[in-house]
Amino acid sequence: MNEQAIAEAPAAVTPADFKSGVKPVWCPGCGDFGVVNALGKALARMQLHPENVAVVSGIGCSSRIPAYTSCYGFHGVHGRSLPTATGLKIARPDLTVIVTGGDGDGYSIGGNHFLHACRRNVDMTYIVMDNRVYGMTKGQSSPTTEPEWNSKLTPRGTGLREFQPMVIALASGANFIARAFTGDPNALADVLVQAIQNPGFSFVEVLSPCITYRPEQRHWKKQVQRDALKPSVDAADAAMQVLRNDPLALGVLYRGGRAPYDPRSHAPAAQPVSELEKRFTV
Ligand code: SF4
């Protein structure tokens, strides 16, 4: 390449281009730092530009991520990130839409939206940072908290069965499903690239320790089982893998073959207003 061509070549996008400069207010050591870093790595690997990416969230510690990226961002209402992102993607299919949030936001108040986002299969990526606790509101049990977790608010545990997000996502129709760990940012970035590039609704459950209210999760670094889940195209086989494996088993679990929802194929044919008016003439 001659000097002029080098001068005219567009500069490569780097992970630093996706940082907003806003300093995160997370507790030092929170797993969510690794997710925002891995997201920047993944977007840079795909050479996407911040102005072509939108990050949408709800409420909670992990839902602060839109402020920490230089992409378009929407920090919305508790549990409502998925319908907001769905509307955005339908209106602006040219954008890469990423949805971020936690287990409380996504599986409790947002649980109904999770089911229907999987079912609708709109082309976007949902990253849930699961720490099995409500961190921002000081340590209540969440839908994925273990029944025996003993805390000041739930002495002797809740006794309630944990929600199984990956199995629910499979049953509801998500087109790509994986579990990753925030302590391995390069491996997490690899999974995020696959999720974003896979057409349709992609769901990535990221084990992201809350070192303040679940300090025992610091041990996840040694306990996670890397590549224990094997990619499958069969939803029943994938569901059995989740149910039979340890809850800290990692890997890409499922790649489906459903075409993403295309609003153009369902839009009513345009009619002149004068024709519509005739139908309402008394
Ligand atoms: Fe992270 Fe937990 Fe602190 Fe929230 S409370 S910032 S989840 S460590």
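These legends go with a set of close-up views of one predicted model.

**View 1. The sheet, strand by strand.** Seven strands make up an open sheet, and the order across it is β2-β1-β3-β4-β6-β5-β7. The pairing is mixed. From one strand to the next, the twist averages 15°. β2 (72-75) and β7 sit at the edges with a single partner strand each, so one side of each has no neighbour in the sheet.

View 2. For a handy landmark, look for Val55, which stands opposite Gly73 in β2. In a regular strand, side chains alternate between the two faces of the sheet.

View 3. How much of β7 is covered? Strand β7 (residues 251-255) is mostly covered, with four of its five residues buried.

**View 4. Helix α4 and its buried face.** Which residues of helix α4 are buried? In this helix (residues 81-91), they are Ser81, Leu82, Ala85, Thr86 and Lys89. Looking down the axis of α4, you find these buried residues within an arc of 130°, so they line one face of the helix. What covers them includes the strands β1 (53-57), β3 (96-102), β4 (124-130) and β6 (201-207). Helices are part of the cover as well, including α5 (103-109) and α6 (111-120).

View 5. Asp190 belongs to helix α8 (residues 185-197) and Arg45 to helix α2 (residues 32-45), so the pair ties together parts that lie 145 residues apart in sequence. Buried or partly exposed? Asp190, at 39% relative accessibility, counts as partly exposed. Arg45 also counts as partly exposed, at 42%.

**View 6. Arg226 and Asp184, a salt bridge between two loops.** The side chains of Arg226 and Asp184 meet at 2.7 Å, N to O. This pair links distant parts of the chain, 42 residues apart: Arg226 is in the loop between α9 (220-223) and α10 (235-244), while Asp184 is in the loop between β5 (176-181) and α8. As for accessibility, Arg226 counts as partly exposed at 42%. Asp184, with a relative accessible area of 17%, is buried, because the cut-off for buried is under 20%.

**View 7. A salt-bridge network around Arg214.** Which residues are linked here? Arg132, Glu146, Arg214 and Glu216 are joined in a network of salt bridges. One of the contacts to zoom in on is the salt bridge between the side chains of Glu216 and Arg214, at 2.6 Å, N to O. Arg214 is buried, with a relative accessible area of 3%. Glu216 counts as partly exposed, at 35% relative accessibility.

Key
Residues are numbered from 1 along each chain as its sequence is written. This is a predicted model: local features need pLDDT of at least 70, side-chain atom pairs count only at pLDDT 80 or more; totals for chains, interfaces and linings use all residues. Side-chain values use heavy atoms; hydrogens and water are left out. Buried means under 20% relative accessible area, exposed over 50%, partly exposed in between (1.4 Å probe, protein chains only). The arc is that of the directions from the helix axis to the C-beta atoms. Contact means heavy atoms within 4.5 Å. A salt bridge is a side-chain nitrogen of Lys or Arg within 4 Å of a carboxyl oxygen of Asp or Glu. Two strands pair if DSSP finds at least two bridges between them. Axes are lines fitted to C-alpha atoms, for helices over the stretch in contact, and angles run from 0 to 180 degrees between N-to-C directions.
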